[in-house]
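Work through the following exercises with the sequence and the model beside you, and try each task before you read its solution.

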Amino acid sequence: MAEIAAFIFDLDGVITDTAVYHYRAWKRLADEEGIPFTREDNEALRGVSRRESLNRLLKGREIPEADAEAWMARKNAYYRALIREITPADILPGALAFLDQARARGLALAIGSASRNTKDVLRSLGLLDAFDAIGDGDSVARTKPAPDLFVWVAGRLDLPPGACVVFEDAEAGVEAALTAGAYCVGIGPAERVGRAHVRLPTGLSDTTVDALLDQLASARRQHLEISDPRN
Ligand code: BG6
Ligand code: MG
């Protein structure tokens with residue numbers, strides 16, 4: 001892996017807590033359509049695209065394409081109504097300080113989110129100009145857990161994915177980052193993001209950029225030792 005030159009942040013659940021709004025919008029649709037849907041079911045939707053979320057909500061049941069389109073549009077309308085009130089106060093604790101520290105170290109900063117609402121959310125947070133590249137649900141055809149979005153964002157930064165650290169709160173996102181060949185910092189419980197190189201149980205407030213870069217360096221050394229055939 002190359003020297004670390006950039007941080008790529010997922011948006012929902014990493015920079016701001018929109019995950020709860022996605023849940024409430026799907027829940028409203030599910031209730032209206034008589035589909036059982038719990039908070040536990042919602043865990044499987046974290047990080048995946050709108051279309052894949054609908055597939056998972058339907059648990060294998062097939063519906064006509066016109067209905068699928070209409071349901072996704074309805075869910076998005078509910079979601080957009082919920083995020084209308086977002087302000088810079090909704091940036092998660094520690095995120096701004098972390099971005100500032102990373103900038104001060106000369107790292108490039110980017111967003112890699114599956115959401116088609118990414119730019120609107122960033123605008124409401126006052127962060128639209130805070131990043132060197134923004135990859136969203138319209139940037140690539142294959143969404144997380146495919147590596148395509150992070151490869152695309154790294155390309156926009158003119159860097160190999162191996163020079164990037166991806167921050168993710170979703171299992172699908174961790175898989176996407178690792179498959180892309182990036183470093184990965186997982187945010188949340190081990191059963192969700194345990195495959196990441198480093199895990200932050202709460203969020204970006206758990207660490208500083210300096211401490212994290214040290215941790216990643218030792219994770220990398222361990223990895224090199226484990227994969228060294230002389231061991
Ligand atoms: C991800 C969320 O960031 O974006 C998912 O974690 C969501 O829950 C996905 O389904 C797509 O979002 P949108 O805004 O395009 O419906
Ligand atoms: Mg997320």
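A residue is called buried under 20% relative accessible area, exposed over 50%, and partly exposed in between, with a 1.4 Å probe and protein chains only. The model is predicted, and local features need pLDDT of at least 70, while side-chain atom pairs count only at pLDDT 80 or more and totals for chains, interfaces and linings use all residues. Residues are numbered from 1 along each chain as its sequence is written, ligands are numbered from 1 in the order in which they are written, and side-chain values use heavy atoms, leaving out hydrogens and water.

**Exercise 1.** Determine whether His197 is buried, exposed or partly exposed.

*Solution.* The relative accessible area of His197 is 30%, so this residue is partly exposed. As for its place in the chain, His197 belongs to the loop between α9 (190-193) and β6 (198-200), where helices (H or I, at least four residues) and strands (E, at least two) are DSSP runs numbered from the N terminus.

**Exercise 2.** Find the protein donors of the magnesium ion (ligand 2).

*Solution.* Donors are N, O and S atoms within 2.8 Å of the metal (3.2 Å for Na, K and Ca), and sites may look incomplete because water is not among the atoms. Along the chain, the donors follow the spacing D-x1-D-x156-D. Finally, both Asp10 and Asp12 are buried.

**Exercise 3.** List the residues in contact with Phe131, leaving aside its neighbours within four places in sequence.

*Solution.* Contact means heavy atoms within 4.5 Å. Phe131 is in contact with Phe9, Leu99, Arg103, Leu109, Ala110, Ile111 and Leu122.
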